[in-house]
Every structure is written in C-alpha cells, then in structure tokens.
Amino acid sequence: MPNSTPLIAKASVTNVRVTPQKARRVVNLIRGQRADEAIRIAKFSPQIAVSESVYTLLNSAVANAKQKNPAIRDASELWVTEALVDEGYTMKRYRPRAQGRGYQILKRSSQISVVLSDDKNYRPISKAEQRKRAKAAVEATAVESTAETSAETKPAKKAPAKKAAAKKAPAKKAAPKKSAQEKEAN
C-alpha cells in the first residue's frame with residue numbers, strides 16, 4: 001500500500017553572485033521537469049554562471065530526497081514541483097565619472113530554492129492559504145472556548161462611563177478704567 005503523503009525534498013542556495021533576472025532564465029527551464037532531466041538541462045545550459053549553482057542545487061535536493069526515503073533509486077522518480085529565484089543582497093559600488101561625480105553600480109545576488117516531490121501534481125500550500133488555515137483554526141478554538149465559558153456565565157461588567165469634557169472658565173472682566181477726575185480726587 002503506497003503512502004498517501006508525497007515525499008518532499010527541499011534545497012536552497014543563497015548569495016549566488018548572479019542577478020535574479022539571469023538566474024530565472026535557467027530556473028524557468030527546469031520547473032515542472034523530472035529531476036534527472038532538470039539536472040541535464042542545468043548542466044548544459046549556456047548561462048554558465050548560474051547553471052553550475054542550479055546543477056549542484058538539484059543534486060543536493062535529490063540527495064535530500066534519498067536521505068528521507070531510501071527506496072528512491074535515482075532522480076528519475078522525482079519531479080521539480082517548485083523552483084524559485086529571489087533577490088539576495090545588493091552590493092553598492094561606485095565608479096568615478098566626469099567632473100568629480102560618482103556613478104553607482106549595483107552588484108546583485110540571488111537566492112535559489114528547489115522543491116522535489118515524487119508526486120508530479122504536488123503543489124505546496126501558498127503563504128496566503130497557510131494564513132487562512134491558521135486564522136480558521138484560531139477562530140475554531142475561540143468558538144470552542146466561548147462555548148465552554150458560556151456554560152459558566154458570569155455577569156458582564158459594564159464599560160466605565162466616559163468623563164465629561166472639562167468646561168472652560170469664563171474670562172475675567174477687566175476693571176473699569178478710572179477717569180482723570182477720579183484720579184485727581186484720590
């Protein structure tokens with residue numbers, strides 16, 4: 001009786017000194033392929049800088065799968081179900097230019113991750129779906145806990161009344177000015 005849960009093996013590499021745009025050219029070729037075919041594509045692709053990293057990454061993922069399940073004989077039993085390229089760090093360098101100016105050069109890097117599975121149609125759960133499931137689980141436990149506490153109902157406390165706004169004191173009236181005649185009389 002085969003196991004119902006698919007085997008999932010992951011591998012990732014960070015700080016590959018290739019721009020993500022160039023790395024995606026190779027990774028897009030291997031996505032959805034059988035692992036042995038993906039290794040062959042990565043080994044002979046013309047983008048040498050990234051293809052070497054992807055080749056070793058795929059071999060690492062296959063080794064991880066064999067470690068998880070020793071029944072796997074070779075890479076032909078596995079599929080590349082997910083292959084991603086994310087942006088890594090960016091080194092900023094400057095070139096001298098005319099009239100004392102500096103020209104910025106961005107040296108980009110990539111992070112490449114691969115997921116292999118023995119099920120061709122396996123699709124990992126997206127982050128948004130994971131959040132929805134976690135939220136639903138929290139709400140379900142909240143409903144259960146409120147059902148338990150409703151059995152032990154306690155009188156609800158009233159919210160404290162809001163304070164009235166402070167009233168402004170009336171302005172002081174100035175004393176009436178004395179006329180010149182009253183000043184002489186004093």
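Student: At what angle do helix α2 and helix α3 pack, and how far apart are their axes?

Tutor: Bear in mind that this is a predicted model. Helix α2, residues 35-44, packs against helix α3, residues 48-68, at an angle of about 160°, and their axes are 8 Å apart. Because angles over 145 degrees count as roughly antiparallel, α2 is roughly antiparallel to α3, and α2 passes α3 in a left-handed crossing.

Student: Which residues of α2 and α3 meet?

Tutor: From α2 come Ala35, Ala38, Ile39, Ala42 and Lys43, and these meet Ser51, Val54, Tyr55, Leu58, Asn59 and Val62 of α3. By class, the residues of this contact comprise 8 nonpolar, 2 polar and 1 charged.

Student: Is serine 51 buried or exposed?

Tutor: Buried means under 20% relative accessible area, and serine 51, at 4%, is therefore buried. Serine 51 lies in helix α3, where its side chain reaches the backbone oxygen of isoleucine 48 at 3.3 Å. Leaving aside residues up to four places away in sequence, serine 51 touches Ala42 and Ser45.

Student: What is the phi of asparagine 15, and what is that of glutamine 99?

Tutor: As a general idea, most residues other than glycine have a negative phi. Here, asparagine 15 has a positive phi, near 60°, and glutamine 99, which is not a glycine either, has a positive phi of about 60°.

Student: Where is asparagine 15 placed, and where is glutamine 99 found?

Tutor: Asparagine 15 belongs to strand β1, residues 8-16, and counts as partly exposed at 41% relative accessibility. Glutamine 99 sits in the loop between β2 (79-96) and β3 (102-117), and with a relative accessible area of 70% glutamine 99 is exposed.

Definitions and conventions: Residues numbered from 1 in each chain as written. Predicted model: local features only at pLDDT ≥ 70, side-chain atom pairs only at ≥ 80, totals over all residues. Heavy atoms only, no water. Axes fitted to C-alpha atoms, helices over the stretch in contact; angles between N-to-C directions. Helix = DSSP H or I, 4+ residues; strand = E, 2+ residues; numbered from the N terminus. Parallel < 35°, antiparallel > 145°, perpendicular 65-115°, else oblique. Left-handed = near helix turned anticlockwise from the far one by under 90°. Contact = heavy atoms within 4.5 Å. Nonpolar A, V, L, I, M, F, W, Y, C, P; charged D, E, K, R; others polar. Buried < 20%, exposed > 50% of the residue type's maximum accessible area, 1.4 Å probe, protein only. Polar contact = N/O pair within 3.5 Å; in protein donor to acceptor, adjacent residues only side chain to side chain.
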